[in-house]
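Good morning, and thank you for making time on the agenda.

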Amino acid sequence: MSTDALALPRMELASRPVVSRLHDWVTTVDHKRLGILYILYALVFLVIGGIEATVIRIQLIRPHNDFVSPQVFNRLFTMHGTTMIFFVVMPVLFGFANYLIPLMIGARDMAFPRLNAFSFWMTAFGGLLLYFSLVGANGLYGAGNAPDVGWFAYAPLTSRTFSVGHSTDFWTLALLVSGFGSIGTAVNIIATVLCMRCPGMTLAKMPLFAWLNLVMAGLVILAVSPLTAAQIMLLVDRYLGGHFFDTQAGGSAVIWMHFFWVFGHPEVYVLVIPAFAFASEIIPVFSRKPIFGYPVMVGATIAIGFISMSVWAHHMFTVGMSSAANNFFVISTMAIAVPTGIKIFNWLATMWGGKIEFKTPMLFCIAFLFQFLIAGLTGIMQGAAPFDWHLGNSYFVVAHFHYVIVGGILFCLFGAFYYWFPKMSGKMYNETLGRVHFWLFIIGFHLTFDFMHIPGLLGMPRRIYTYEPGRGWDTWNFIVTIGVFFQAAGILVFLGNLLWSYFRGKAAGSDPWDAWTLEWSTNSPPPVYNFASIPVVKSRRPLWDLKHPADPDWKYE
Amino acid sequence: MTTTSLMLPQTELEWRLPSRGRVGMYALIAAESAIFTIFVVAYLFYVGKSLAGPMPRDVLAPPFFYTVCLLSSSLTIHFAGKALRRGKVRSFGAWWLLTITLGALFLFGTASEWHRLIYRDGLTIGTNLFGTTYYSLVGLHGFHVVVGLACLATVMAFTLFGALKQEHAERVDVLSLYWHFVDTVWIVVFTVVYVIGR
């Protein structure tokens, strides 16, 4: 993306033909370029998944609407969920991890650069495979084009009998392929963080960003692999006539649920822990204070990682498990609120008494704190099994997890985009447009997802393509859909800001935020070798030490 | 942490990090273990739930000889690595070839067992739940043996062309970690399929 990322004289670069510059991008093994490829790829899918969400909401704006057919509606929510989880949030987080971890730990690249490129292209082709289903999945019977089995694809809906044609195969293969990419990236992140740190950067002196991404990578290893195994079983069932999930031959549909949610719940933490990582870097810098309780933050993250492996069946309370199982999963679900609460208090304590600068990244992180708290509270409500029996499969669930993913993760992500955009592009973003984006998006978010809880409590099930008038759901659904347009407008302003700032923005300089981690010590954008000489660090805030030689951090840590 | 220790000149800073090859391989092994865990859980969950025959106790016999082959290949690969670290490339080549032979023998064992099950006992992956879980779990392990053998054969080719030197000992050790993993998984698979599952 950046013209001098190759560290060649500008003249020479400008004269190189487009084809050979493109060739550089396609064959790159540089962690920064791969990071940017991940992020751009995710932005494309964000727009696609966003359009799907908009069409879903237009269909539901009033009772008995017929904007899309029921069949198309099923495909839309399946594709929306799959796209957003696997081809937007995961790649964009991997992109930031790829770009920032080597810079933050003072390394010149990831541990395995070629594995890194392989992982990116696996993920990229996974996404293409999913959308190729629109062209290639018609099958023999003309039944279905895009996958329509829901993003968790419960058995036996995915069996050959109920899912004819090839749409489910495309879904399975897309997730399998991108899963290999995710595992490759996770292996790479773990090896990079443990083996590539610059001299002096002990584990206790790493930026929290590196710590949290290390935990995330561990979770990917333990969570995505079961999904891979389950997808292999589904392929065996569909192609080789196996009976894993075939109830007619004694197979179990419930075991698919277990296998899927053994992946599915840790996956939430795979997505949210990097969001915590963004907040843990942005909040201290804009509060002008070091992070409060660094060791506790690390400990709480590891605790979240462990507990998140033992809560999956709270997605299955309505299936009918034994009361012992119900109790276990209620208690473990409640327990995970403790380390999460600790983190929220630590961020607040970081801001407490700080000289807070309300720049766009900080605005998004503050909104994240409040929204993530509410998302956690509705999570505890549904974590209580008896209450979940009433709310299971309702719009309350949809509102809850969108509160986590949009209100928590996406807000942090926007913060991260604005915070690191100057580093990645060398240009400053437009602060006014950033604020417009923030206010449009926060209004849209609350209109949509606050009010979505209510029809859920009133009994509106998820995944219905239309509803009867006069059930008390009409007004709420209308408000929810109106909010979507605010969010869409916010996203357009965001993309416009990125484009405008990239071409017309002011030069940002190497350290626009007066920040403390190593990525701000090199040029913006960083040269291909990152650091001319490998830095040596003595504390958690190496740039603070550099800027304040009379009062360095390492005297106190 | 005292300030004096940190005031030392940077040149004296002792800075050691773990080998990225080993850490990467351990992470991969963790991921593979998670995949195998799911298949093992499925196998155990479906033990005795097949609606029609053939049943495991009628058709399965523990392959003791081939198990000994695979497990002893862990020993031979260990000796191979030891020889390479000492710079004895010829001795390494001999142990390495023996490892490949033992691995190939194991695969032959699996192949002949499958041939017998399919053509004599009429058990395929679609016959019943036992067939589905058995061929998936044993097949997944067999697939890992095949991948391992391909990697071992690549190293063998380098050895034969004289490209392998003492300085490659670390990389060869990382590869043998994978092979040890494949052998360890077989102990689990053997226990699940031939001991508990019957």
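Predicted model: local features only at pLDDT ≥ 70, side-chain atom pairs only at ≥ 80, totals over all residues.

Let me begin with chain B. Chain B contains seven helices and zero strands, and its pattern along the sequence reads α-α-α-α-α-α-α. How does its radius of gyration stand against that of a compact globule of 198 residues? Such a globule would be near 16 Å, whereas chain B has 22 Å. Along the principal axes, the C-alpha atoms of chain B fill a box of roughly 75 × 45 × 20 Å. Of the 198 residues in chain B, 34% are buried. If we consider contacts in chain B between residues at least 6 apart in sequence, 84% of them join residues at least 24 apart.

I turn now to the contact between the chains. Chain A contributes 37 residues and chain B contributes 31 residues. Which elements of chain A give two or more residues to the side that touches chain B? They are helix 6 (167-195), helix 7 (208-240) and helix 8 (254-287) of chain A. Helix 7 of chain A gives the most, with 10 residues. By class, the residues on this side of chain A divide into 25 nonpolar, eight polar and four charged.

Helix 7 of chain A also packs against helix 4 (residues 70-104) of chain A, at an angle of about 130° and with the axes 9 Å apart. These two helices of chain A are therefore oblique to each other, and helix 4 of chain A passes helix 7 of chain A in a left-handed crossing. From helix 4 of chain A, the residues A:Ala97, A:Leu100, A:Ile101 and A:Met104 meet A:Phe209, A:Ala210 and A:Asn213 in helix 7 of chain A. The residues of this contact comprise six nonpolar, one polar and no charged.

The second pair is helix 14 (residues 395-425) and helix 15 (residues 431-457) of chain A, which pack at about 165° with their axes 8 Å apart. That angle makes helix 14 of chain A roughly antiparallel to helix 15 of chain A. Their crossing is left-handed. Among the residues making the contact are A:Tyr395, A:His402 and A:Tyr418 of helix 14 of chain A, together with A:Phe445, A:Phe449 and A:His453 of helix 15 of chain A. Here the residues of the contact divide into 13 nonpolar, five polar and no charged.

Thank you; I welcome your comments.

Key. Residues numbered from 1 in each chain as written. Chains lettered and ligands numbered in written order. Contact = placed C-beta atoms within 7 Å. Helix = DSSP H or I, 4+ residues; strand = E, 2+ residues; numbered from the N terminus. Nonpolar A, V, L, I, M, F, W, Y, C, P; charged D, E, K, R; others polar. Axes fitted to C-alpha atoms, helices over the stretch in contact; angles between N-to-C directions. Parallel < 35°, antiparallel > 145°, perpendicular 65-115°, else oblique. Left-handed = near helix turned anticlockwise from the far one by under 90°. Rg over C-alpha atoms; globule rule 2.2 N^0.38 Å. Buried ≥ 20, exposed ≤ 12 C-beta atoms within 10 Å, placed from the backbone.
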